[in-house]
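This report describes a predicted model.

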Amino acid sequence: MWEYTDKVREHFLNPKNVGEIPDADAVGEVGSLACGDALKLYLKLDEQKERIVDAKFQTFGCASAIASSSALTEMLKGKTLDEALNISNQEIAEFLGGLPEEKMHCSVMGQEALEVAIAKYRGGPVPGHEHVQPEMAGEVVCKCFGITDEFLKKVIRENKLHTAEQVTHFTKAGGGCGGCVPQINALIAEVMGEQPKEEQKKPGKLSNLRKMQLIQEILENEVRPLLWADGGDLELIDIAGSTVQIAFRKACAGCVSSGYTAKFVEQKLRDAVADDIRVEEVEG
Amino acid sequence: MKEIYADNNATTRVDEAVFEEMRPYFCELYGNPSSMHFFGGQVQRKINEARNRTAALLGAHPEEIIFNACGTEGNNTAIRSALEAFPERRHIITTRVEHPAVLTPCRNLAKKGYRVTELSVDGEGRLSLDELRAAVDEDTAIVSIMYANNETGVVFPIEEIGAIVKEKGALFHTDAVQAVGKIPLNMAESTVDMLSLSGHKLHASKGVGALYVRKGVPFRPFMVGGHQERSRRAGTENTAGIIALGKACELAGQYLEDENSRVRAMRDRLEAEILRLIPNVRVNGGAAQRLPNTCSVAFEYVEGEAILLLMSEKGICASSGSACTSGSLEPSHVLRAMGVPFTCAHGSIRFSLSRYTTDQDIDTIIREIVPIIQHLRELSPFGREFLAKG
């Protein structure tokens with residue numbers, strides 16, 4: 001049984017703002033019957049068309065999908081459209097006192113519907129979300145649920161996700177046939193690679209011994225724990241000058257995306273140790 | 001809150017008589033049945049009695065019963081044993097609707113180079129015997145096909161399947177965890193070589209099960225390192241559990257008639273009333289032969305977890321083939337294999353009754369489920385549009 005908070009229970013058992021707004025200014029619809037959850041969000045604006053005066057929803061889905069929708073409509077009332085756009089899926093989850101990680105995609109769905117509603121109202125391009133004309137933004141990664149790379153990168157970045165399993169919990173991507181999991185891992189590596197560099201202070205000139213120590217530390221403390229989370233692992237085989245030889249273990253061994261993982265390791269070491277480091281994958 | 005328990009395919013209440021039977025074997029008669037002294041010996045005699053009782057329910061010989069820990073162990077053991085006994089045969093046949101305790105070992109073996117055929121089912125969950133006939137060959141070591149499906153209750157034609165399997169000399173195992181105690185079995189006149197059963201599905205305690213292995217069928221133990229169960233399942237016996245299972249089997253034999261008359265009638269009434277009172281509902285596997293206690297209903301345009309939690313608020317315990325309850329995102333592999341339309345695969349609920357279910361329970365379920373479905377459909381963006389069309 002899921003451990004739901006009292007707040008989730010309350011919004012599930014007695015959801016607020018259920019229904020349609022016949023003369024709504026903005027309507028956003030995401031999800032589908034096939035996917036197992038869907039949300040239709042209605043927004044009514046004040047006369048100046050600035051603030052949201054009413055929000056209603058219709059949801060097909062599990063308890064946390066219904067509770068997230070109810071929470072979102074409560075949060076929206078009285079906000080300007082720009083303020084509304086700033087609501088993140090984490091805030092929806094926080095409003096509910098937290099959601100089980102496996103259910104975070106329900107909060108993401110709420111935020112998606114909101115973005116779609118406002119984008120349609122403003123007449124701009126509709127963000128590339130699940131089931132919303134995916135070709136409009138990015139390429140479809142998860143074919144089972146129709147989820148694009150742009151959308152995945154956004155969720156990975158905003159929620160600081162670092163395993164494919166987490167991405168599935170937050171977006172459902174990879175939760176069907178699982179065929180796109182290597183691509184999801186690549187996207188995670190890509191997003192991690194784009195973290196601001198200035199955060200990490202790179203040491204100046206290093207002695208060879210210190211460099212080797214540092215490489216080992218980074219691999220032990222920062223790289224391997226990430227791989228473990230996905231059931232993988234690596235072993236440091238040798239360090240020769242700037243070339244670091246690693247061998248992949250467990251789930252990483254023979255994984256189709258191990259090339260991406262090697263790139264990710266290389267980036268990590270370059271950021272933390274020296275720019276000229278090259279990571280080589282070896283059998284061993 | 002008094003629970004209305006309609007989830008007996010998940011687990012069952014331990015029968016009071018079963019509990020009384022096992023109770024002394026914890027603090028008083030705690031001897032090891034392997035010991036030489038009288039204190040262990042009296043436990044050994046009680047285990048023999050349990051073996052006789054279990055064999056009697058199956059129409060088997062006592063020495064064909066191997067006690068173990070659970071249905072999962074029986075399934076894993078049977079499949080491995082067959083492959084070890086016929087190392088030259090590299091093919092396994094099972095079905096797409098098996099319990100994970102069979103499907104997962106088979107899929108793992110496929111990764112190790114075995115050829116695995118998963119037979120499909122039709123929209124009512126029925127197997128095609130022609131497909132089986134075409135699949136089985138001289139390379140087939142074992143065919144493992146469940147007796148009855150845990151989600152839909154659909155019963156497979158086990159003896160016809162066995163006859164086809166025998167033509168090619170393969171072994172035939174059946175996961176009968178859901179069938180034992182619900183349908184009469186007679187191994188004396190059966191084509192089954194091995195059969196798994198689980199104690200907690202028939203009012204014994206959790207943590208005990210049995211594997212039936214027909215006399216003369218080659219067997220390779222899974223657990224080794226002791227002479228227990230005539231060296232076919234090493235490890236000190238779960239004495240209280242085994243004694244519970246024996247008693248539960250004896251009682252199951254006595255209740256078989258009740259299961260197939262009174263319990264079946266309650267199930268049929270529940271189903272008929274749901275279909276009468278709620279539009280856009282279908283019974284999964286409704287046209288197939290089914291277990292008397294199981295009813296899987298699909299409610300269109302609503303999601304299973306929401307139904308279960310709202311029922312749970314009213315004290316009603318059931319389960320669902322819904323993705324959202326299991327942490328996975330796709331509807332159950334059984335419903336998908338059956339091609340249940342996507343409009344209702346997410347809203348399938350399983351009610352499974354037992355001899356403890358009462359007519360009042362059924363009344364309550366019928367009374368509560370109608371407004372729950374109506375409420376969720378009113379919440380749903382699809383409910384009204386689609387229902388209006390219908």
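## A buried arginine in chain B

B:R51 has a relative accessible area of 14% and is therefore classed as buried, the cut-off being under 20%. This residue lies in helix α3 of chain B, which spans residues 38-58. Beyond its neighbours within four places in sequence, B:R51 is in contact with B:P62, B:I65, B:F67 and B:E229.

## Extent of the interface

Between the two chains, 33 residues of chain A are in contact with 26 residues of chain B. The area buried between chain A and chain B amounts to about 2,300 Å², and carbon and sulfur atoms contribute 68% of this area. On the side of chain A, the residues that lose the most area to chain B are A:F12, A:L33 and A:F60; together they account for 26% of what that side buries.

## Polar and charged pairs

Two salt bridges are found across the interface of chain A and chain B. A salt bridge joins A:K103 to B:E305, with 3.1 Å between the closest N and O atoms. Seven residue pairs, both members at pLDDT 80 or more, are in polar contact between chain A and chain B.

## Composition of the chain A side

Four elements of chain A each supply at least two residues of the side that touches chain B: α1 (6-13), β2 (37-45), β3 (52-60) and α2 (63-76). Of the chain A elements, β3(A) gives the most to this side, with four residues.

By residue class, the side of chain A that touches chain B comprises 18 nonpolar, ten polar and five charged residues.

Definitions and conventions: Residues are numbered from 1 along each chain as its sequence is written. Chains are lettered from A and ligands numbered from 1 in the order in which they are written. This is a predicted model: local features need pLDDT of at least 70, side-chain atom pairs count only at pLDDT 80 or more; totals for chains, interfaces and linings use all residues. Side-chain values use heavy atoms; hydrogens and water are left out. Contact means heavy atoms within 4.5 Å. Buried area is the accessible area (1.4 Å probe) that two parts lose on being put together, summed over both. A salt bridge is a side-chain nitrogen of Lys or Arg within 4 Å of a carboxyl oxygen of Asp or Glu. A polar contact is a pair of N or O atoms within 3.5 Å; within protein, one must be able to donate a hydrogen and the other to accept it, and residues adjacent in sequence count only if both atoms are side-chain atoms. Ala, Val, Leu, Ile, Met, Phe, Trp, Tyr, Cys and Pro count as nonpolar, Asp, Glu, Lys and Arg as charged, and the others, Gly among them, as polar. Buried means under 20% relative accessible area, exposed over 50%, partly exposed in between (1.4 Å probe, protein chains only).
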